[in-house]
Amino acid sequence: MNHMVYLGILHKSLKENAKNLGLDGNFIFKHDNDPKHTTRNVKMWCLFHCKQQLHTPPQSPDNKVIENLWAILETAVEKHKIRNKTSLKQVLQEERGKISSDITKKLVESVPRRLEDIIKSKGHTTKC
């Protein structure tokens with residue numbers, strides 16, 4: 001994916017999804033420092049379409065909840081004998097379905113603490 005594809009996704013989906021969730025303009029938009037997220041045209045689009053943005057330090061995996069979910073999923077998948085792509089896809093879907101909403105809720109609720117830790121460490125790695 002490049003920045004133009006990402007921009008297309010933002011333009012087509014972000015506002016529509018926010019509206020469908022009842023958020024309209026009342027949300028904080030956060031993306032990481034992936035190069036496609038930091039191009040000038042993406043920054044300009046966000047400036048005009050995302051009233052509130054959360055800017056994060058570069059290369060800061062400590063605040064990426066998805067990384068924790070990937071680790072949980074990877075551990076679960078490793079317990080299976082994967083022989084081909086079809087098997088991998090099936091196991092990924094099964095194991096993803098087993099991740100409880102309580103786990104994702106706890107991870108999301110941990111974000112403020114994670115951000116505080118990042119601020120205390122001045123953007124360096126934390127124990128999160």
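Is Lys98 buried or exposed, and what is its relative accessible area? In this predicted model, Lys98 is exposed, with a relative accessible area of 58%, and its side chain forms a salt bridge with Glu95 in which the closest N and O atoms are 3.3 Å apart. Both residues lie in helix α4, where, being three residues apart, they are separated by about one helical turn.

Glu95, by contrast, is buried, at a relative accessible area of 9%. Helix α4, to which Glu95 belongs, spans residues 85–98, and beyond residues up to four places away in sequence, Glu95 touches Leu73, Ala76, Val77 and His80.

The count of salt bridges comes to four, and among them is the pair formed by Asp117 and Arg113, with the closest N and O atoms 3.6 Å apart. These two residues are four residues apart in helix α6 (residues 111–120), and are therefore separated by about one helical turn. Asp117 is partly exposed, with a relative accessible area of 23%, and Arg113 is likewise partly exposed, with a value of 43%. Another salt bridge joins the side chains of Lys36 and Asp34, at 3.2 Å from N to O; Asp34 is partly exposed, at 26% relative accessibility.

The count of disulfides, in turn, comes to zero.

Conventions
Residues are numbered from 1 along each chain as its sequence is written. This is a predicted model: local features need pLDDT of at least 70, side-chain atom pairs count only at pLDDT 80 or more; totals for chains, interfaces and linings use all residues. Side-chain values use heavy atoms; hydrogens and water are left out. A disulfide is a pair of cysteine sulfur atoms within 2.5 Å. Contact means heavy atoms within 4.5 Å. Buried means under 20% relative accessible area, exposed over 50%, partly exposed in between (1.4 Å probe, protein chains only).
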